[in-house]
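I begin after the display below.

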Amino acid sequence: MKFDPSLCHNEREVESKLIVSYLLPKLGYSIDLWRQEHKLNRFRLDFSAYSHSETTTDIVFEAKHPDRNLNDHFQQLKEYMLELQIPYGMLTNGKEIIIYKNTNNNVQRIFSCWGRKIEENIGKIKSLIGKETLAREIKSTGHNMKIIAVYHNKGGVGKTTTVVNLAATFSKMGKRVLVIDLDSQANCTFATGLVNFGDEEKDNLKGSYVYHVLKTRQAASIKEVARKSHFSSHEIDVVPSHILLMKVEDELNQYDYVKGLLFKKLEAVKDEYDIVIIDTPPSLNLYAKLALITSNYLLIPSDLKPFANEGLENVRDFIEDNNEFRDMMGRGPIEVLGVLPTKISTNARFIQGTLQKRLASVSQRYKFEVMNSIIFERDDLAKCTEQTVQIDDVEVSEPRSIVDFKSNSKSVGEFEKLAAEILEKIGLS
Ligand SMILES: Nc1ncnc2c1ncn2[C@@H]1O[C@H](COP(=O)(O)OP(=O)(O)O)[C@@H](O)[C@H]1O
Ligand SMILES: [Mg+2]
């Protein structure tokens, strides 16, 4: 089958003669892999195709009348690609073909040629946007769901506070968020309101928490174990932890494959969440390893006090050890977003003096990048987790996210800034 642009007199013919009869088959998109007049959100795409999963769109094709100038239609295509998170796009009027790529929300032209030269360029076009290429690419880059570990091997530096309030902020911004608590202290499970029973007889967590996702034989799926939390008015799912997680570490440690298991389990929900945040124990144990093996990114909260700073040496070694394992799994090293200053005193003299020295030490001595955002020490942040309600004379904990507790507080502004900084860095803004 050949293509002759002089046979295209209108948009319909560009669609049928170029896209349907020529391009889609040549590029390997069989009839079950593409859709015409595909309605997605508020848009209607001329053609869309996918390489591996029906729930995603890997490329959009827009056909125009042969008299139209393609440059006039770029804005529209760009809007589709950005808003619908489509990685590739093609614009054509039959006479000319332009291919665009969306890399971290930056849409750029990667190829163009004349319609009459398509025959001699089809190999090149196929290598850019053919089904095989896109299937391979999507497999190797994973998907759009981003997994962030929040880790430092020192306790009390604000990890859990960061996890739960960042999750609430992302959710408020419209992201679909999953939180996983991998710390047997279960502070994150508590702070997200899942410990809603007054005494242990009513403990409804121990039969289904993160252990059940990891245990050998008949391990549960993320979906089965995740619960809806109510600490935030913006929806967040949480895979809870439990103090019993401590006791099963030896059992889980016997099986090497456990280290790759959480990543594998998350694959199954990659279309359901935009962001997964993992809270970790202040240790170098199996659960901390799991977090660093599973995540795409690492955020390191630190109060920057001497021990926390010295602990950064351990963090560095720990990252390297886990990167070895990732390498064996065929994954690249974890990407360090940076050290996040937390629980920072608002005292002006401290900010101008000591804080600056401590920040400089993180980058100069410990060679870690420092985030631009700072989470200051504020009573509201500690208080929102300690909220309680009286039910039948019994005091029951009812933690709130800072967003719900005091929506106009300075802490909310700080978390918004942090969320924006992270989204920018992970290409989800
Ligand atoms: N920015 C902050 N301002 C005030 N108190 C904070 C702040 N961050 C954390 N805290 C408090 O410090 C304690 C330890 O914080 P947490 O987030 O549990 O640390 P980690 O998870 O690293 O052990 C908690 O009581 C928490 O309420
Ligand atoms: Mg914690």
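Entry 1, helix α10. I looked up burial first: seven of the 10 residues of α10 are buried, so the helix is largely enclosed by the rest of the structure. I count a residue as buried under 20% relative accessible area, as exposed over 50% and as partly exposed in between, with a 1.4 Å probe and protein chains only. The buried residues of α10 are Val 258, Gly 260, Leu 261, Leu 262, Phe 263, Lys 265 and Leu 266.

Conventions. This is a predicted model, in which local features need pLDDT of at least 70 and side-chain atom pairs count only at pLDDT 80 or more, while totals for chains, interfaces and linings use all residues. Residues are numbered from 1 along each chain as its sequence is written, chains are lettered from A and ligands numbered from 1 in the order in which they are written, and side-chain values use heavy atoms, with hydrogens and water left out. Helices (H or I, at least four residues) and strands (E, at least two) are DSSP runs, numbered from the N terminus.

I then looked up how α10 (residues 258-267) packs with α11 (residues 286-294): the angle is about 45 degrees and the axes are 9 Å apart. Axes are lines fitted to C-alpha atoms, for helices over the stretch in contact, and angles run from 0 to 180 degrees between N-to-C directions. The two helices are therefore oblique to each other. In my terms, angles under 35 degrees are roughly parallel, over 145 roughly antiparallel, 65 to 115 roughly perpendicular, and the rest oblique. The crossing of α10 past α11 is right-handed, that is, the near helix is turned clockwise from the far one by less than a right angle, anticlockwise being left-handed.

From α10 I listed Val 258, Lys 259, Leu 262, Phe 263 and Leu 266, which meet Leu 286, Lys 289, Leu 290, Ile 293 and Thr 294 of α11. Contact means heavy atoms within 4.5 Å. By class, this contact has seven nonpolar, one polar and two charged residues. Ala, Val, Leu, Ile, Met, Phe, Trp, Tyr, Cys and Pro count as nonpolar, Asp, Glu, Lys and Arg as charged, and the others, Gly among them, as polar.

Helix α1 (residues 11-26) packs with α3 (residues 118-129) at about 50 degrees, their axes 10 Å apart. The pair is therefore oblique. Leu 18, Tyr 22, Leu 23 and Lys 26 of α1 make the contact with Ile 118, Glu 119, Ile 122 and Lys 126 of α3. I find five nonpolar, no polar and three charged residues there.

For α12 (residues 306-329) and α14 (residues 354-364), the angle is about 10 degrees, with the axes 10 Å apart. They are therefore roughly parallel to each other. Pro 306, Asn 309 and Leu 312 in α12 meet Arg 358, Ser 361 and Val 362 in α14. This contact divides into three nonpolar, two polar and one charged.

I looked up Glu 414 and Arg 378, whose closest N and O atoms are 2.5 Å apart. Glu 414 lies in α17 (residues 410-426) and Arg 378 in the loop between α14 and α15 (379-383), so the pair ties together parts 36 residues apart in sequence. Glu 414 is buried at 11%, and Arg 378 is partly exposed at 23%.

Lys 406 and Asp 380 form a salt bridge at 3.4 Å, N to O. Lys 406 is in the loop between α16 (402-405) and α17 and Asp 380 is in helix α15, so this pair ties together parts 26 residues apart in sequence. Lys 406 is partly exposed at 35%, whereas Asp 380 is buried at 14%.

The side chains of Glu 235 and Lys 228 meet at 3.5 Å, N to O. Is Glu 235 buried or exposed? Glu 235 is exposed at 55%, and Lys 228 is partly exposed at 46%. I also noted Arg 42, Glu 79 and Glu 83, linked in a network of salt bridges.

Phe 43 is in strand β2 (residues 43-49) and is buried, at 8% relative accessible area. Not counting residues up to four places away in sequence, Phe 43 touches His 38, Glu 79, Tyr 80, Glu 83 and Leu 84. Phe 43 and Leu 84 are 41 residues apart in sequence and 9.0 Å apart in space, C-alpha to C-alpha.

Terms used:
Salt bridge = Lys/Arg side-chain N within 4 Å of Asp/Glu carboxyl O.
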